[in-house]
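Please look over the chain shown here before reading the notes.

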Amino acid sequence: MAFGMEAPLILGIVSASMAAVGTGVAVAGALSQGKAASEAAKAQAKLSELQAEAELRRGDQEEAELRRRTRLLIGQQRAGYSAAGVRLEGTPLLVMAQTLTDSEKDILNLNKETDAKALAYRFGAATYETAASAARTASYWSAGASLLTGGSQIAGTVSNMKFPVKTVQSGVVV
């Protein structure tokens, strides 16, 4: 089998076909990468939300423990004053009131700290959600760019292909 004018045509077809397949692979890869990055960011967002909830639960448990210890301390103060024969008025009452006030300040500070940490986790979750969306969008742009680049390569290959020209002379195809 002799290749004459057909060889450049065959090579052009093979080249254009390879460019088309390469473009398809690039598009699929861009979309797959975007999907994976998006899913990873969504998983991180979910983890951050769970951490925020856990932080709030921890704060609630610590608050309950502070309140329990305060009740025990006030009970010990009351028992000590009673055992010593001191009436619960004046200074002893002020000491117990100050104990309660100090405890409430500690609880308020704990709640502020807990809320700030939970807010930071939630902000992180929102950032990850934004990253998930951006990864998906970026993959679409990347896939589109691959399509355009591949289409341009295919068009260039096809435009450089030499198609055999057949002419008719005296009723005979030459």
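In which helix do Glu113 and Lys117 lie, and how many residues apart are they? Both lie in helix H2, four residues apart, about one turn of the helix. This is a predicted model, in which local features need pLDDT of at least 70 and side-chain atom pairs count only at pLDDT 80 or more, while totals for chains, interfaces and linings use all residues. Residues are numbered from 1 along each chain as its sequence is written, and side-chain values use heavy atoms, with hydrogens and water left out.

**Layout and confidence**

- The chain has two helices and two strands, where helices (H or I, at least four residues) and strands (E, at least two) are DSSP runs, numbered from the N terminus.
- Read from the N terminus, the order of the elements is α-α-β-β.
- The mean pLDDT of the chain is 89, and 89% of the residues score at least 70; pLDDT is the predictor's confidence in each residue, from 0 to 100.

**Surface and contacts**

- Of the 174 residues in the chain, 22% are buried; buried means under 20% relative accessible area, exposed over 50%, and partly exposed in between (1.4 Å probe, protein chains only).
- The chain exposes about 11900 Å², and carbon and sulfur atoms supply 64% of that area, as computed by the Shrake-Rupley method with a 1.4 Å probe.
- Among contacts (heavy atoms within 4.5 Å) with a separation of 6 or more, 83% are between residues 24 or more positions apart.

**Salt bridges**

- Side chains of opposite charge can pair when their charged atoms come close.
- The whole structure holds nine salt bridges, each a side-chain nitrogen of Lys or Arg within 4 Å of a carboxyl oxygen of Asp or Glu.
- In helix H2, Glu113 and Lys117 form a salt bridge at 3.2 Å, N to O.
- Glu113 is partly exposed at 40% relative accessible area, and Lys117 is partly exposed at 38%.
- Arg58 and Glu62 lie four residues apart in helix H1 (residues 6-83), and the closest N and O atoms of their salt bridge are 2.5 Å apart.
- Arg58 is partly exposed, with a relative accessible area of 27%, as is Glu62, with 35%.
- A network of salt bridges links Glu55, Arg58 and Glu62.
- Helix H1 also contains Glu65 and Arg68, three residues apart, whose salt bridge has its closest N and O atoms 2.6 Å apart.
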